[in-house]
Amino acid sequence: MKFRKKPIVIDAFQMTREARFDNKDWPEWLNRAWNKQPGEGAMWCNEDYSGTYSRLYLGTLEGVHIVAWGDWIIRGIVGELYARKPDIFEKTY
């Protein structure tokens with residue numbers, strides 16, 4: 001069987017290294033995720049004291065995902081968060 005995805009509108013934000021350290025353009029829903037404790041629906045980082053190394057993590061319905069620079073962080077229709085690589089995002093949205 002084949003199914004067609006329903007047309008829906010999602011919120012998305014492309015995470016770059018610059019955006020990570022200057023969050024003035026982050027949408028409110030992403031700021032809320034950043035301020036949550038690690039787990040589903042949260043975003044957090046692991047970085048060294050110099051700030052040169054930084055790895056972002058996203059708590060999704062499927063578990064914890066690493067967010068690479070350039071990935072799109074998406075908020076789904078029920079507020080769930082997930083990340084998509086730029087090429088997949090472009091083909092899907």
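Let's start with Val9. In this predicted model, Val9 is exposed, with a relative accessible area of 77%. The cut-off for exposed is over 50%, so Val9 falls in that class at 77%. Where is Val9 in the chain? Val9 is in the segment before S1.

Now look across from there. Take the C-alpha of Val9 and the C-alpha of Ile77. In sequence, these two residues are 68 apart.

Next, Ile8. Ile8 also has its place in the segment before strand S1, and that strand covers 11–14. Is Ile8 exposed or partly exposed? Its relative accessibility is 44%, so Ile8 counts as partly exposed.

Which residues make the nonpolar patch? They are Ile8, Ile77 and Val78. The patch comes to about 330 Å².

Now a contrast case, Asn35. Find Asn35 in the loop between helix H2, residues 28–34, and strand S2, residues 43–47. Asn35 has 62% relative accessibility, so it counts as exposed. Pair Asn35 with Arg4. Along the chain they are 31 residues apart. Their C-alpha atoms are separated by 35 Å.

So much for single residues. On to the whole chain.

Secondary structure: 3 helices and 6 strands. What order do they come in? Starting at the N terminus, the elements read β-α-α-β-β-β-β-β-α.

Dimensions: the C-alpha trace spans about 50 × 25 × 25 Å along its principal axes.

Burial: how much of the chain is buried? Of the 93 residues, 33% are buried.

Residues 24 or more positions apart account for 36% of them.

Surface: the accessible surface of the chain is about 6700 Å². Carbon and sulfur atoms hold 52% of that area.

Charge: how many positive and negative side chains are there? The chain carries 14 positive and 13 negative ones. The centres of these two sets lie 7 Å apart.

To recap the two distances. Asn35 to Arg4 is 35 Å, with 31 residues along the chain.

Definitions and conventions:
Residues are numbered from 1 along each chain as its sequence is written. This is a predicted model: local features need pLDDT of at least 70, side-chain atom pairs count only at pLDDT 80 or more; totals for chains, interfaces and linings use all residues. Side-chain values use heavy atoms; hydrogens and water are left out. Helices (H or I, at least four residues) and strands (E, at least two) are DSSP runs, numbered from the N terminus. Buried means under 20% relative accessible area, exposed over 50%, partly exposed in between (1.4 Å probe, protein chains only). Contact means heavy atoms within 4.5 Å. Accessible areas come from the Shrake-Rupley method with a 1.4 Å probe; for residues, only the protein chains shown count as cover. Lys and Arg count as positive and Asp and Glu as negative; His and the chain ends are not counted. The place of a charge is taken as NZ of Lys, CZ of Arg, CG of Asp or CD of Glu. Patches are made of residues with over 30% relative accessible area and no salt bridge: like charges are joined within 9 Å, nonpolar side chains (Val, Leu, Ile, Met, Phe, Trp, Tyr) within 5 Å. A salt bridge is a side-chain nitrogen of Lys or Arg within 4 Å of a carboxyl oxygen of Asp or Glu.
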